[in-house]
Amino acid sequence: MTDVLDQEVFRYSSDAQPQLLVEDVPLSKLADEFGTPLYVYSKRQIVENFQAFNATLKASGKEHYVSYALKANSNIELLRILAVEGAGADVVSAGELLVALAAGFSPDKITFDGTGKTDAEIELALRANIHAFNVESLEELTVINDIATRLSLRAKISIRVNPNVDAKSHPYISTGLKENKFGIDMAEAREAFLYAAAHPAIEVVGIHVHIGSQITSLDPFIKAARSTVKFVNSLRVKSGIVLEHLNFGGGQGIHYRNVVRHPQLPPDELGEEGEYVPSLSEFVGAVLPILDQTGLKIIFEPGRAIVANSCALLATVLYTKANSVKHFVITDTGMTELIRPCLYDAYHQVVPLKLTPPPLEGAGRGVVSPSQKVDIVGPICETSDFLAQGREMTPLKRGDRLAVLCAGAYGYTLASNYNLRPRAAEVLVDGDTYRVIRARETIEAVAGVSESVITPASAQ
Ligand SMILES: Cc1ncc(COP(=O)(O)O)c(C=O)c1O
């Protein structure tokens, strides 16, 4: 949902052998220097994404704040960038709360989500004096009240309502349907607000709704906004409960296809137009006039829309092989680094860091090299370990480097040590400078041994 940039952050250089750049740095230089798998982020893209979100809301003249959802990416160096920009933080664990505070987010712009907050997490957030807990059940309300009473504090809370709206996203990232575990049914929400208001250590300040992630049509947002507004207004009129804010969650979809274009890249199977994703202005234009009917301060909690397209995950081809039905490109990067293709059937554009000149005799630029459909897979011992399936790619060979685009959200944060693989390093690019913002884990640390236990063969 980001608006078009003057000069794309990820783009191919215009030399005879085009290579992929992030800002002013060739990605192959970073792959050579730091190895792969490697997460590479653009500071400029993160700042532009946040400012675009903020500016679109500011232009509407409504009181609001944008609270970045840390679950998308919680690297402290990226968080510092957003804290400086004035973002709020939406956290779901003690770890996310601590890193948000350390990164410099103001506690009065921190919200705490999640269906299963532990007592220790509630206590920590109360002591930090956060803006609000987004409460998901009546039992949680009682627990928060008890802990706040014990600490002689008052807990500010929003109640997360479940509007029973189909986000039309992948079922695993849809959260606003009755059968989902999230929030309190709209039909029972009034009772929940009255129940909350009756607790002496609780101050009811808001309502929260979040219907899912990677939502690419406006309709579900509009439906959720209408039913939330209707509820807020009736809560005020019929029950005398007046709120301060309406938190409309995150979920804004982004483009994953045709992110980087070049005449030498095989065309995307969806064609030049790619997939439809509403722009930020369309989203705000559709929902804000509805939400504004409440007169409440509005909070948005985007995660993906702020960080996803700021990042490429770099991989190296280890082997290629074919069987009677498929061609495989086996890389050093797989579901341990990026589980989204396996978990959500998610599409990520995968492109070579260097484009080879068109091989056709007499052919000029703009002619696409012969390409073939391949599965780009990782080294993990699972059939679900793939980055892309049936993808048209120009010929690839051992040692070639690839970029998996738009890997900034739910990439590193969902990475694992499965197969005892060390988690990748992360690098932040700013113009023509770059630095490591998280070191690659060592094999020894992941394996739980203090030093190499292999005795050199010659010493035996
Ligand atoms: C409550 C809540 N808010 C915000 C987000 C961020 O969603 P997205 O990254 O799709 O914007 C999520 C993600 O699942 C969420 O659960």
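In this predicted model, Leu314 stands opposite Ala403 in strand E19, and Val351 likewise stands opposite Ala403 in E19.

**Strand E19 and its partners**
- Strand E14 (residues 311-322) pairs with E19 in the antiparallel sense over 5 bridges, and strand E16 (residues 350-352) pairs with E19 in the antiparallel sense over 3 bridges.
- Because 5 of the 5 residues of E19 (residues 401-405) are buried, the strand is largely enclosed by the rest of the structure.
- In a regular strand the side chains alternate between the two faces of the sheet.
- Both faces of E19 are covered, with Arg401, Ala403 and Leu405 buried on one side and Leu402 and Val404 buried on the other.

**Helix H5**
- In helix H5 (residues 119-128), the residues Glu121, Ile122, Ala125 and Leu126 are buried; they lie on the same side of H5, because they cover an arc of only 135 degrees around the axis.
- The buried residues of H5 pack against helices H4 (94-103) and H6 (138-150), and also against strands E7 (110-112), E8 (132-135) and E9 (155-162).
- Asp119, Ala120 and Arg127 are exposed, and they sit on the face of H5 turned away from its buried side.
- Asn129, which follows H5, has a positive phi, near 60 degrees.

**Ligand shell**
- The ligand is surrounded by 17 residues, of which the closest are Ala69, Ser213, Gly250, Gly303 and Arg304.
- By class, this shell has 5 nonpolar, 7 polar and 5 charged residues.

Definitions and conventions. Residues are numbered from 1 along each chain as its sequence is written. This is a predicted model: local features need pLDDT of at least 70, side-chain atom pairs count only at pLDDT 80 or more; totals for chains, interfaces and linings use all residues. A residue is near a molecule or strand if its C-beta atom, placed from the backbone, lies within 6 Å of it. Ala, Val, Leu, Ile, Met, Phe, Trp, Tyr, Cys and Pro count as nonpolar, Asp, Glu, Lys and Arg as charged, and the others, Gly among them, as polar. A residue is buried if 20 or more other C-beta atoms lie within 10 Å of its own, exposed if 12 or fewer, and partly exposed in between; C-beta atoms are placed from the backbone. Helices (H or I, at least four residues) and strands (E, at least two) are DSSP runs, numbered from the N terminus. The arc is that of the directions from the helix axis to the C-beta atoms. Two residues are in contact if their C-beta atoms, placed from the backbone, lie within 7 Å. Two strands pair if DSSP finds at least two bridges between them.
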